[in-house]
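Please read the report below alongside the sequence and the coordinates.

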Amino acid sequence: TRRRGRNNDVLLDTVCIPDRSQRHGGEQKWQLFVPRGTYHVTLGLGDAEYAGSYCGAVNGVGFSVSQLPPNRFEEKSLIVQASDRIEIYGSWPRLSALCYVKIAVAEGDEVP
């Protein structure tokens with residue numbers, strides 16, 4: 001992770017750059033173990049210092065954002081099904097930076 005020092009909002013100023021050194025061949029993923037259910041996943045995309053594009057998937061549901069200029073951010077909200085985990089796929093340079101991830105049980109779905 002990196003703190004850019006360009007935005008007063010720490011949530012937006014701090015980024016994770018997935019596999020920047022490309023040691024995993026573009027196949028980086030995060031796994032968050034959750035009970036079976038439907039989830040609302042919100043990704044905070046952008047970088048306070050550099051322009052970038054963003055492309056990846058959450059449990060097979062794709063997302064993409066064209067080139068964003070420095071210090072511009074966009075949220076992508078997805079509804080995904082999970083059997084036991086939420087997996088976020090994406091690696092640099094296709095997913096150049098990730099500011100935050102918010103996960104909530106989808107409305108109307110009860111998770112044990």
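## Overall fold

What share of the contacts in the chain with a separation of 6 or more comes from residues 24 or more positions apart? In this predicted model, such residues account for 69% of those contacts.

The chain has nine strands and one helix, and its elements, read from the N terminus, follow the order β-α-β-β-β-β-β-β-β-β.

Asp 47 belongs to strand β4, which covers residues 37-47, and it is buried because its relative accessible area of 5% falls under the 20% limit. A polar atom of the Asp 47 side chain lies 3.3 Å from the backbone nitrogen of Tyr 50.

When residues up to four places away in sequence are not counted, Asp 47 touches Arg 4, Val 15, Tyr 54 and Ala 97, together with Pro 69, Pro 70, Asn 71, Arg 72 and Phe 73.

## Cysteines and disulfides

A disulfide is a covalent bond between the sulfur atoms of two cysteines. A search of the whole structure for such bonds finds zero.

Cys 55 counts as partly exposed, because its relative accessibility of 27% lies between the limits of 20% and 50%. Cys 99, by contrast, counts as buried, with a relative accessibility of 13%.

Note on methods. Residues numbered from 1 in each chain as written. Predicted model: local features only at pLDDT ≥ 70, side-chain atom pairs only at ≥ 80, totals over all residues. Heavy atoms only, no water. Helix = DSSP H or I, 4+ residues; strand = E, 2+ residues; numbered from the N terminus. Buried < 20%, exposed > 50% of the residue type's maximum accessible area, 1.4 Å probe, protein only. Polar contact = N/O pair within 3.5 Å; in protein donor to acceptor, adjacent residues only side chain to side chain. Contact = heavy atoms within 4.5 Å. Disulfide = S-S within 2.5 Å.
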